[in-house]
Amino acid sequence: MSVIFSRAPLRISLGGGGSDLPSYYGEHGGFLVSGAIDKYVYMLTHTSFQQRYRMKYSELEEVDEIDRIRHPILREALLRHWHGNPLEIASVADVPAGTGMGSSGAYTVCLLKGLAHARRTSITPAGLAEAACEIEMDVLREPVGKQDPYVAAHGGICAYTFHRDGAVDVEPLELDAGVLRRLRDQLLLFYTGEARSTATVLSDQDTRSKAHDEEMLENLHRTKELGLQSRELLMAGDLEAYAELMHEHWEHKRRRSPGMTDEHIDRLYTLARRSGVLGGKLVGAGGGGFLLLYAPRPEDTREAMAAARASELAFDFEFGGAYASENR
């Protein structure tokens, strides 16, 4: 074995995002709907004739021992899931980190998928997702949820139920072909021009949930209900009602934590609504990244966003999940 190629998809949350953090679902259970998209984290893992560990990401590291690797996900994944000779690992992504599409979870899943292939072992999507969650949530203690690794591992448009004991049910949504086509045509993504770390927003949510802050818990209870309603409307094909629910979801989400939005993001959303958008929201924890909009008149919305210099990211849904292959 020489070079292993792996990839894992990014995602857009379609309803209920935020209820996948253990500080919430551990007491109340969580639920959300999310879709994998055809934008990926990619990784090459080179297994032959490596004398040292070489890690190539936004930085370059070359070390003799795994525990000397600075990148926390690379270090902890290799410590737990690799016992062979030194490796060279290089990664790139279609979308920058900090844009709300679950790149950290996809990165971890992509890495673990490649390492499993290098070990000549099979791993289920659920096993892959849980291994990624263990590294990010249990080992590194990041204030993140289970959504991103699960979507990256499974792909598709799915409903996720997060049980109090940490178990996760994955329900692929079998949408009518016409409904899926309308979603593809009328859901648009626009970059706000701002990348950010999710740590501040998610840490606030995590801390307040653990402290049983009534306002935060009521917000998350309603968000979970919106996720359940989103599933029903998507399954029924009532996309106009779903889009209106997206608007309520955003109005609710923007009150959750400080830093969720700013004047620039609010201005873009107002322009989008004036162009005919029925509903939309920031994907991810908030504070920047991409606006997801449901636009019955897509060209009008594209024109309005172009005038505001908000670049569109064209996308499709992705149904394969994490993938790995090798080149001997």
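**Stop 1: helices H8 and H9**

Select H8 and H9 in this predicted model; their crossing is left-handed. H8 covers residues 214-236, and H9 covers residues 239-253. Their axes come within 10 Å and cross at roughly 165 degrees. That angle is over 145 degrees, so H8 is roughly antiparallel to H9.

Now show the side chains where the two helices touch. On H8, pick Glu218, Asn219, Arg222, Thr223, Leu226, Gln229, Ser230, Leu233 and Leu234. On H9, pick Leu239, Ala241, Tyr242, Leu245, Glu248, His249 and His252. Colour these contact residues by class: seven are nonpolar, six polar and three charged.

**Stop 2: helices H3 and H5**

Next, select residues 103-118 for H3 and residues 147-154 for H5. How far apart are the axes of H3 and H5, and at what angle do the helices pack? The axes are 8 Å apart, and the angle is about 50 degrees. That makes H3 oblique to H5. The crossing of H3 and H5 is right-handed.

Zoom in on the contact. Gly105, Ala106 and Val109 of H3 meet Asp148, Pro149, Ala152 and Ala153 of H5. Five of the residues in this contact are nonpolar, one is polar and one is charged.

**Stop 3: aromatic rings**

Turn to the rings. The model has eight aromatic pairs. To describe such a pair, give the distance of the ring centres and the angle of the planes.

Select tyrosine 191 and phenylalanine 290. Their ring centres are 5.0 Å apart and their planes lie at 35 degrees, so this pair is tilted. Tyrosine 191 is in strand E8 (residues 187-191), while phenylalanine 290 is in strand E10 (residues 290-294). The pair therefore ties together parts that are 99 residues apart in sequence.

Are these two residues buried or exposed? Tyrosine 191 is partly exposed, with a relative accessible area of 24%. Phenylalanine 290 is buried, at 5%.

Then select Phe5, Tyr40, Tyr42 and Tyr323. Ring pairs link these four residues into a cluster.

**Stop 4: serine 209**

Last, go to helix H7, residues 199-210, and find serine 209 there. Its relative accessibility is 2%, so serine 209 counts as buried.

What does serine 209 touch, leaving aside neighbours within four places in sequence? Show Ser23, Met216, Leu217 and Leu220: serine 209 is in contact with each of them.

Finish with a distance. Pick the C-alpha atoms of serine 209 and arginine 256. These two residues are 47 residues apart in sequence and 11 Å apart in space.

How values were computed: Residues are numbered from 1 along each chain as its sequence is written. This is a predicted model: local features need pLDDT of at least 70, side-chain atom pairs count only at pLDDT 80 or more; totals for chains, interfaces and linings use all residues. Side-chain values use heavy atoms; hydrogens and water are left out. Axes are lines fitted to C-alpha atoms, for helices over the stretch in contact, and angles run from 0 to 180 degrees between N-to-C directions. Helices (H or I, at least four residues) and strands (E, at least two) are DSSP runs, numbered from the N terminus. Angles under 35 degrees count as roughly parallel, over 145 as roughly antiparallel, 65 to 115 as roughly perpendicular and the rest as oblique. A crossing is left-handed if the near helix is turned anticlockwise from the far one by less than a right angle, and right-handed if clockwise. Contact means heavy atoms within 4.5 Å. Ala, Val, Leu, Ile, Met, Phe, Trp, Tyr, Cys and Pro count as nonpolar, Asp, Glu, Lys and Arg as charged, and the others, Gly among them, as polar. Rings of Phe, Tyr and Trp (its six-membered ring) pair if their centres lie within 6.5 Å; planes under 30 degrees apart count as stacked, over 60 as edge-to-face and the rest as tilted. Buried means under 20% relative accessible area, exposed over 50%, partly exposed in between (1.4 Å probe, protein chains only).
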